[in-house]
Amino acid sequence: MAEDDEIKIVLARLKTLPPSVTLNVGGPAGFKRLDRNGLIAEVENKSEIGEKVVEMYMEYLKSFK
């Protein structure tokens, strides 16, 4: 589960994205297209998708070490 500090970092980053940005998420249950506000909602609600977004962004940041 993502830490509160990680969630805050990712939310701050997502809020800087243009509203037109979308992310397509797919899996066994089907596909879902999320815009910036949808991504923010998923992270805030700590959904499975939101957790994955936080995990991916934190891995991205760690790659700069």
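**Salt bridges, helix packing and a hairpin**

Visitor: Is Glu42 buried or exposed?
Guide: Glu42 counts as buried, at 13% relative accessibility, where buried means under 20% relative accessible area, exposed means over 50% and partly exposed covers what lies in between (1.4 Å probe, protein chains only). Please keep in mind that this is a predicted model, in which local features need pLDDT of at least 70 and side-chain atom pairs count only at pLDDT 80 or more, while totals for chains, interfaces and linings use all residues. Residues are numbered from 1 along each chain as its sequence is written, and side-chain values use heavy atoms, with hydrogens and water left out.

Visitor: OK, and which residue forms a salt bridge with Glu42?
Guide: The partner is Lys32, with the closest N and O atoms 3.1 Å apart; a salt bridge here is a side-chain nitrogen of Lys or Arg within 4 Å of a carboxyl oxygen of Asp or Glu. Glu42 lies in helix H2 and Lys32 in strand E2, so the pair ties together parts that are 10 residues apart in sequence. Helices (H or I, at least four residues) and strands (E, at least two) are DSSP runs, numbered from the N terminus.

Visitor: How many salt bridges turn up in the whole structure?
Guide: The search finds 3. Another of them joins Asp4 and Lys46, whose closest N and O atoms are 3.7 Å apart. Asp4 sits in helix H1 and Lys46 in the loop between H2 (36-44) and H3, so this pair ties together parts that are 42 residues apart in sequence. Asp4 is partly exposed at 49% relative accessible area, and Lys46 is also partly exposed, at 38%.

Visitor: And where do Lys52 and Glu55 lie?
Guide: Both are in helix H3, 3 residues apart, which is about one turn of the helix, and their side chains meet in a salt bridge at 3.4 Å, N to O. Lys52 counts as partly exposed at 43% relative accessibility, as does Glu55 at 45%.

Visitor: Switching to packing: at what angle do H1 and H3 pack?
Guide: Helix H1 (residues 4-14) and helix H3 (residues 48-62) pack at about 90°, with their axes 10 Å apart; axes are lines fitted to C-alpha atoms, for helices over the stretch in contact, and angles run from 0 to 180 degrees between N-to-C directions. H1 and H3 are therefore roughly perpendicular, given that under 35 degrees counts as roughly parallel, over 145 as roughly antiparallel, 65 to 115 as roughly perpendicular and the rest as oblique.

Visitor: What makes that contact on the H1 side?
Guide: From H1 come Glu6, Ile7, Ile9, Val10, Arg13 and Leu14, and they meet Val53, Val54, Tyr57, Met58 and Leu61 of H3, with contact meaning heavy atoms within 4.5 Å.

Visitor: How do H1 and H2 pack, and what angle do they make?
Guide: Their angle is about 170°, with axes 10 Å apart, and they are therefore roughly antiparallel. The residues in contact are Ile7, Val10, Leu11 and Leu14 of H1 with Arg36, Leu39, Ile40, Val43 and Glu44 of H2.

Visitor: Last topic: how many bridges join E1 to E2?
Guide: There are 6 bridges between E1 (residues 22-27) and E2 (residues 30-35), and the strands run antiparallel; two strands pair if DSSP finds at least two bridges between them. A hairpin joins E1 to E2 through 2 residues, and the bridge partner of Gly26 in E2 is Phe31.
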